[in-house]
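Thanks, everyone, for making the time. I would like to walk through one structure this morning, going from the whole chain down to a handful of individual residues.

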Amino acid sequence: MNVPNANRFAVVIAVDGPAASGKGTIARALAAHFGLPHMDTGSLYRAVGLAVLRAGGDPADAALAAKCARTLDVAVLDDPALREPSTARAASVVSAHPEVRAALLECQQAFARQPGGAVLDGRDIGTVIAPDADIKIFVTASLDVRAKRRQAETPERDYAVVRANLAERDARDAERDAAPLRQADDSILLDTSDMDRETAIARAIALAEARLAEKAALG
Ligand code: CDP
């Protein structure tokens, strides 16, 4: 097996960006390239949103959402219902509650701090969870491109509905007070609007390698 880059050093990589920007694909590819464990932090918020819906509650109910976050059952992280549009919407509502973010902070930071390094993707990895990450990449793409990508992977076939859902979630994620979606000042911007999957992955790996070489040169 040829894994030249696996475990060559501990490195923490933060990948952030809006919905359907390709950040998950890029984070998984970086994790494989550098031989690092990967955490999709969006699945934690989706799991909380799903738990609230299954309890028959309202995602806007901060106390219930925080309770669900504190008692999160890890088995739900494998539930296919996590990918449903209703869960995505609930996730973006529960994720605006500071109590929910506080309940999920420690497990994300522990994952980022593990001795061998890690890759995490989400909205606030480079700004809140791992502000000292070695490499920060902010992945984005135009709303139209992201809506087309999401349409291809969800049961909802109506492009206008998919696009409106994404726009609504973008606005909620960017405008909330608690850890809003924003590009960290020291992150590298990767706009994948005109890139296919392979090109975006190759570009992200090249950017990450260049950032590491730069850091190594600085000592
Ligand atoms: O896959 P997609 O980009 O559609 O969404 P996701 O990464 O699974 O995240 C679902 C929702 O969780 C987002 O719309 C955010 O509201 C929230 N989230 C967050 O607030 N902070 C994170 N680190 C990750 C996700």
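Predicted model: local features only at pLDDT ≥ 70, side-chain atom pairs only at ≥ 80, totals over all residues.

Let me start with charge: the protein carries 27 positive and 31 negative side chains, and the centres of those two sets lie 1 Å apart. In that count Lys and Arg are positive and Asp and Glu negative, with His and the chain ends not counted, and each charge is placed at NZ of Lys, CZ of Arg, CG of Asp or CD of Glu.

Residues are numbered from 1 along each chain as its sequence is written, and side-chain values use heavy atoms, with hydrogens and water left out.

Now the overall architecture. The protein has nine helices and five strands, where helices (H or I, at least four residues) and strands (E, at least two) are DSSP runs numbered from the N terminus. Read from the N terminus, the order of elements is β-α-β-α-α-α-α-β-α-β-α-α-β-α.

How does the radius of gyration sit against the rule for a compact globule? For 219 residues the rule gives a value near 17 Å, and the protein has 17 Å, which agrees; the radius is taken over C-alpha atoms, and the rule is 2.2 Å times the number of residues to the power 0.38. Along the principal axes, the C-alpha trace spans about 55 × 35 × 35 Å.

The accessible surface comes to about 10,500 Å², and 54% of that belongs to carbon and sulfur atoms; these areas come from the Shrake-Rupley method with a 1.4 Å probe, and for residues only the protein chains shown count as cover. Of the 219 residues, 47% count as buried, a term that here means under 20% relative accessible area, with exposed meaning over 50% and partly exposed lying in between (1.4 Å probe, protein chains only). As for the contacts, meaning heavy atoms within 4.5 Å, among those between residues at least 6 apart in sequence, 77% join residues at least 24 apart.

Let me now turn to helix α2, residues 42–54.

Leaving aside neighbours within four places in sequence, Arg54 is in contact with Val76, Asp79 and Ala81. Just after the helix, Gly56 takes a positive phi of about 75 degrees.

Positive phi also turns up at two alanines. Ala20, in the loop between β1 (11–16) and α1 (23–34), has phi near 60 degrees, a positive value in a residue other than glycine, and is buried at a relative accessible area of 9%. Ala179, in the loop between α8 and β5 (188–191), has a positive phi near 45 degrees, and with 17% relative accessibility Ala179 counts as buried.

In helix α8 itself we find Ala174, which is partly exposed, with a relative accessible area of 40%. Beyond four places in sequence, Ala174 is in contact with Pro180 and Leu181. From Ala174 to Tyr45 there are 129 residues in sequence and 16 Å in space, C-alpha to C-alpha.

Gln109, in helix α5, is buried at 19% relative accessibility, and outside four places in sequence Gln109 touches Val128 and Ile129.

I will finish with Ile205, in helix α9 (residues 197–218), which is buried with a relative accessible area of 18%. Which residues does Ile205 touch, not counting those up to four places away in sequence? They are Leu30 and His33, and although Ile205 and Leu30 are 175 residues apart in sequence, their C-alpha atoms are 6.3 Å apart in space.
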